[in-house]
Amino acid sequence: MGRAFLVVIDSVGIGGAPDADKFFNGDRPDTGANTLGHIAEAGVDLPVMAEMGLWRALNLASGVDLGGPKPTGAWAAATEQSKGKDTPSGHWELAGVPVPWEWHTFPDADPAFPDDLVVEVCLAAGTGGILGNRHSSGTVILDEEGARHMETGWPICYTSADSVFQIAAHEERFGLERLLDLCQTIAPTLHAMKVGRVIARPFLGSAEEGFTRTGNRHDYAIDPPSPTLCDWVHDAGRPVHAIGKIGDIFSMRGIDDVRKGRDAVLMEHLGERIADAEDGSLTFANFVEFDSEYGHRRDVHGYARHLEWFDAALGRLLPELRDGDLLIVTADHGNDPSWTGTDHTRERVPVLVHGVGAKELGHVAFVDVAASVADHLGVPSHGPGRSFL
């Protein structure tokens, strides 16, 4: 019995979303955004994923023709149905469940949060106020509010164009467990508002030497509205292993265990799962630093180098797969590092499939990924997708 490995390289979009004009970074629509295409213009070498069909998928999605070798894998370009360009929307739909509601977002104003929510946060935190209360990126808000946080002990609360409520706090000054408890306590209120995630953003450092976020981030995501691929596989009696923030995104529903860390550590975990995962199992992985470290920070060079690191590491793992295994590399949205603003970009994503031979799969839906994994594992698919295997 074969195994399945579903690997999400977070935010590696390939342009061409048909409704990009309805999504914005500031006042600029996402029309023309192309994460991979614009990185390629600056220079990037990805021989492993190129052989899997990456450049063909880019051409299929957005018409950008970079040539490349004849693929040895199967490739497609996937289009999202959900009305969002965020992490839960993308991952849930890849797992077979489109989002049936409109996400709540906070206005780009100062203050951004309603007074009753601020009061609830203060009561839960035991503080006389909060810092931030506006749209910001995670690194910028630490530069702007880190020193005051160290003085007051007040949590730093901020958001973005995504449906998120983020709380940054110093692991020693505020306390890591206290931060996690705070996020868990207020999460039901935010979820009732249809805010997708409450995110704990712990950091260390000092005002003098600078502040750095740690690897102890934790996402408190709203539950998916119906059973996902993880549930389908788990309910069939098969193990489901999560790597990275997959456990957070799916609220651990249908997931047996999770391994976390920075991307280099996650790659080691993926290698271990390829070596030891059970027959018939699903391993679902997310590599987030493309998005968090380079996309939001609009760092084209850094994004390119991280793609090259991933490509080389993937090349070392592919020969370790067993006969009958399926490995899919895809993404959840775009985050064009050459684009205006700091938000995600609405794009199609690549679907690169190892284990089914070389063929073009054409345009597919995000939900087709879940149906295909279920088909490979021989478990019932309960979503709207169709298998492309």
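I take helices (H or I, at least four residues) and strands (E, at least two) as DSSP runs, numbered from the N terminus. The model I examined is predicted: local features need pLDDT of at least 70, side-chain atom pairs count only at pLDDT 80 or more, and totals for chains, interfaces and linings use all residues. Residues are numbered from 1 along each chain as its sequence is written, and side-chain values use heavy atoms, with hydrogens and water left out.

Entry 1: I looked up the UniProt record, an unreviewed entry, which places "domain: Metalloenzyme" at residues 3–379. UniProt positions follow the numbering used here, feature names are shortened, and annotations may be inferred rather than shown by experiment. I found 37% helix and 21% strand in residues 3–379, with the end C-alpha atoms 12 Å apart.

**Entry 2: helix α1.** I asked why helix α1 (residues 35–42) is largely enclosed by the rest of the structure. Six of its eight residues are buried, where buried means under 20% relative accessible area with a 1.4 Å probe, protein chains only. I list the buried ones as T35, L36, G37, H38, I39 and A40. They pack against α3 (54–62) and α12 (300–317). After α1 comes G43, with a positive phi near 110 degrees.

**Entry 3: α1 against α3.** I noted an angle of about 120 degrees between α1 and α3, with the axes 10 Å apart; axes are lines fitted to C-alpha atoms, for helices over the stretch in contact, and angles run from 0 to 180 degrees between N-to-C directions. That angle makes α1 oblique to α3, oblique being what remains once angles under 35 degrees count as roughly parallel, over 145 as roughly antiparallel and 65 to 115 as roughly perpendicular. L36, G37 and A40 of α1 make the contact with L54, W55 and L58 of α3, contact meaning heavy atoms within 4.5 Å. Nonpolar covers Ala, Val, Leu, Ile, Met, Phe, Trp, Tyr, Cys and Pro, charged covers Asp, Glu, Lys and Arg, and polar the others, Gly among them.

**Entry 4: α1 against α12.** I found that the axes of α1 and α12 come within 10 Å and cross at roughly 100 degrees. The two helices are therefore roughly perpendicular to each other. T35, L36, I39 and A42 in α1 meet V300, Y303, A304 and L307 in α12. The contact of α1 with α12 has seven nonpolar residues, one polar and no charged.

**Entry 5: K83.** I located K83 in the loop between β4 (74–79) and α4 (87–94). Not counting residues up to four places away in sequence, K83 touches D19, F23 and E102.

Note on methods. Buried < 20%, exposed > 50% of the residue type's maximum accessible area, 1.4 Å probe, protein only.
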